[in-house]
Amino acid sequence: MQRRDFLKLAGVGAAGVGAGIASGKPVRAQEMTHEPTMTPMDHSSADAMDLHHQEGVQAFLDHVGQEPDFWRPAIEPTLDGEVKVFDIVCQEIDWETSPGIVYPAFAYNGMVPGPTLKVTEGDTVRVNVTNEMTQSTAIHFHGLLIPNAMDGVPFITQPVIKPGMTFSYEFRTRNYGSHMYHSHHNSAEQTTRGLLGAFIIEPRDKSREPQVTADYIMVLNDSSLGFTLNGRSFPSTQPIVANRGDKIRVRYMNEGLMIHPMHLHGIPQMVFAKDGFNLPVPYMCDTINIAPGERYDVIVDCTEPGVWAFHCHILSHAESRDGMFGMVTVLIVNE
């Protein structure tokens, strides 16, 4: 496929791209011990291997734009006076990470990651959590400065939320930035199987924020659902689409159990915030190493037109003899 064809197919606009789901009968991946790939092929010749790599890229192209919520837009709260109220339901679902590969997952409101919660510094927030799973659970608001009773650690700050029960968290937001919410009960299983999401607090003083064309949340995860970006594995991930001259913000959030050095080809990233706090001196890089629990905010100045690979640089998280998989997407910069 020629570059012009790639740009034509992918040039659908930043607001309308998402991860696609392949048609056909899915395969349930309950006991997989390695990252699933496409149907294995004979690698006895270079041509066979090349064809399989090409098929993966074509599958990625074929599903551009089929999941508009891939980049997790924020959900609207309801209002109880001045309190912003979010209703979160914990569920056990089947979740497709790549074409035909389905895992048993946990989900907030039926999706992995859960919906993005976005408020403004100083807002009072109530999060009603209803547990429809067969396991007990709780939610920890990772990075937020909140009262100890709202910290979400069972038997330390609260009782567990048992199956069939609802628990309400309420607090005033104090520190703006890129934060997360996730399970803190049997968390190595529950979080990696999908009980995770972004919690964004915007500053009341907008001058504290950089001026950008678009804002993307990229949640990194591994282990129970394989290697994923926003709950999907290549070729079901989606591109970031920008125009030359755009400045885009990417909020990395690592909810997995492993480090992930995220590498963008062709264009440097300016790192300006870590764990929700603006850095005194931003710095430039092309690869940023994100440990479990960390959040990094970067700005990409889209000066270089083209299709630029964007992936974890632990290559066993991104590519094999069967082609690219897992933590891979692209940045497309149109002229």
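**A chat about strands, cores and cavities**

Colleague: Where is Ser-98 found?

Modeller: Ser-98 sits in strand S3, residues 83–98. Strands here are DSSP runs of E with at least two residues, numbered from the N terminus. This is a predicted model, in which local features need pLDDT of at least 70 and side-chain atom pairs count only at pLDDT 80 or more, while totals for chains, interfaces and linings use all residues. Residues are numbered from 1 along each chain as its sequence is written, and side-chain values use heavy atoms, leaving out hydrogens and water.

Colleague: Okay! Is Ser-98 buried or exposed?

Modeller: Ser-98 is buried, with a relative accessible area of 6%. Buried means under 20%, exposed over 50% and partly exposed in between, using a 1.4 Å probe and protein chains only.

Colleague: And which residues is Ser-98 in contact with?

Modeller: Leaving aside neighbours within four places in sequence, Ser-98 contacts Ser-233, Phe-234, Pro-235 and Ser-236. Contact means heavy atoms within 4.5 Å. Pro-235 lies in the loop between S12 and S13.

Colleague: Where else is there a cis peptide bond?

Modeller: One runs from Val-112 to Pro-113, with omega near -10°. Pro-113 belongs to the loop between S4 and strand S5 (117–120). Asn-109 is in the loop between S4 and S5 too, and its phi is near 55°, a positive value in a residue other than glycine. Most residues other than glycine have a negative phi, and most peptide bonds are trans.

Colleague: Let's step back into S4. What about Ala-107, buried or exposed?

Modeller: Ala-107, in strand S4 (residues 101–108), is buried, with a relative accessible area of 0%. Its contacts beyond four places in sequence include Cys-90, Val-112 and Leu-195. Ala-107 and Cys-90 are 17 residues apart in sequence, and their C-alpha atoms are 5.7 Å apart in space.

Colleague: New topic: how many cavities are there?

Modeller: Searching the whole structure gives 2 cavities of 30 Å³ or more. A cavity is a set of points, on a 1 Å grid over the protein atoms alone, where a 1.4 Å probe fits but cannot get out; lining residues have an atom within 4 Å of a point. Grid points are joined across faces, edges and corners, and the volume is the space filled by probe spheres set on them. The largest cavity has a volume of about 40 Å³, and Val-112 and Pro-113 are among the residues that line it.

Colleague: And what lines the second largest cavity?

Modeller: Its lining includes Tyr-176, Glu-209, Arg-249 and Asp-297. About 30 Å³ of space lies in there.

Colleague: How many residues are in the largest nonpolar core?

Modeller: That core has 30 residues, and Tyr-252 and Met-262 are among those with the most contacts inside it. A nonpolar core is a set of buried Ala, Val, Leu, Ile, Met, Phe, Trp, Tyr and Cys residues joined through side-chain atoms within 4.5 Å. Strand S11 (214–221) is one of the strands that each supply at least two residues, and S11 gives the most, with 4 residues. Apart from this core lies another, of 26 residues, among them Phe-106 and Tyr-176.

Colleague: Last one: which strands form the open sheet?

Modeller: Its 6 strands come in the order S12-S11-S14-S19-S16-S17, with mixed pairing. The edge strands are S12 (228–229) and S17 (277–285), each pairing on one side only. Two strands pair if DSSP finds at least two bridges between them.

Key:
1 Å grid on protein atoms, 1.4 Å probe; cavity = no way out; pocket = protein on both sides within 12 Å on 5 of 7 lines; lining within 4 Å.
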